[in-house]
Amino acid sequence: MHRHLGKIVAGAALALTGTAAMAAITLPSDAGATDGRGSGSRPAAAGAPAPGREGGPPPPGVVERAPAQGERGTGRDPLTDEELRRAQDLALPRTLRGAAADVTGKKGPERLTTDLVELTPAEAGLADPPRRARVSFYDYRSDSYLTRTVNLTTSTVESADAQHGVQPPPGQDEAVEAARLLIAAPLGAGLRQDYRDATGHDLTGPDPLSVTGFVYRGRAEGAAPGALGDCGKHRCIRLFTKIKNGRWIDTRRFVIDLSARTVARLG
């Protein structure tokens, strides 16, 4: 028996592979470890305490309060909440707020990102190097991409730039506004019908959807029907769309021109 044990085990393994899928569905987690009386209980390992005896169950988890955040980070620390607020205030003076518009047409450009700026080689060895942030916006009134580099140590704007025809990835607010425009448009009839088929309810706004936007640059991507000829100069995006806690709905062939607030279809 000892000489043939390997063959017997191998044969049993081969026999079990044909029923692995069914076993995974029908057997309880402790199947195969019975005590001989069909109870299905797994005998405790030698020396291991039984549940509820020595040691017992682990104590309940404790959620600890996040440590207090200072007003200013040091070195390469991420920007603190206070630094984010200061950077955006420095980068967006009142004169700019009144001259620009966000994705919904309200005063002030659409805020996109605020990132910590890398130190220069000369600053890297300093004991207390300056903290800088680069803040980016999109101005829908002039269709321009705005960037501001602010020095948080000196509270000054070190550089400012405005570019046309540059289309960074859209923010979440832009994706939600694009979904709102698509739902309200005649071309959104298919999206509305798919949502009703899936949920039994009418889709009247973007709240029940999870949407992610990505830029459509028009002719730079090789195909731009007449209605989309300004994309690239205008702010145009496409959407990945999913019902919250539900299925995906394919909306990738629709392009929403957020600058002109129009919807068109590719192909």
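Select helix α3, residues 81-91, in this predicted model. Which of its residues are buried? They are E83, A87, Q88 and A91. Now look down the axis of α3. The buried residues fall within an arc of 130°, so they line one face of the helix.

Next, find what covers those buried residues. Show α4 (94-99), which is part of the cover.

Move on to strand β6, residues 236-243. Pick T241, which lies in this strand. Is T241 buried or exposed? Its relative accessibility is 2%. Buried means under 20%, so T241 counts as buried.

Keep T241 selected and show its surroundings. Set aside its neighbours within four places in sequence. T241 is then in contact with L191, L209, S210 and V211, and also with W248, I249 and T251. Zoom in on T251. A polar contact joins its side chain to the side chain of T241, at 2.7 Å.

Last stop: select strand β8, residues 254-257, together with strand β9, residues 262-265. How do these two strands run? They run antiparallel, and 4 bridges join them.

Now trace the chain from β8 into β9. The two strands form a hairpin, with 4 residues between them. Stop at R261 in the turn. R261 has a positive phi of about 60°.

Terms used: Residues are numbered from 1 along each chain as its sequence is written. This is a predicted model: local features need pLDDT of at least 70, side-chain atom pairs count only at pLDDT 80 or more; totals for chains, interfaces and linings use all residues. Side-chain values use heavy atoms; hydrogens and water are left out. Two strands pair if DSSP finds at least two bridges between them. Buried means under 20% relative accessible area, exposed over 50%, partly exposed in between (1.4 Å probe, protein chains only). A polar contact is a pair of N or O atoms within 3.5 Å; within protein, one must be able to donate a hydrogen and the other to accept it, and residues adjacent in sequence count only if both atoms are side-chain atoms. Contact means heavy atoms within 4.5 Å. The arc is that of the directions from the helix axis to the C-beta atoms.
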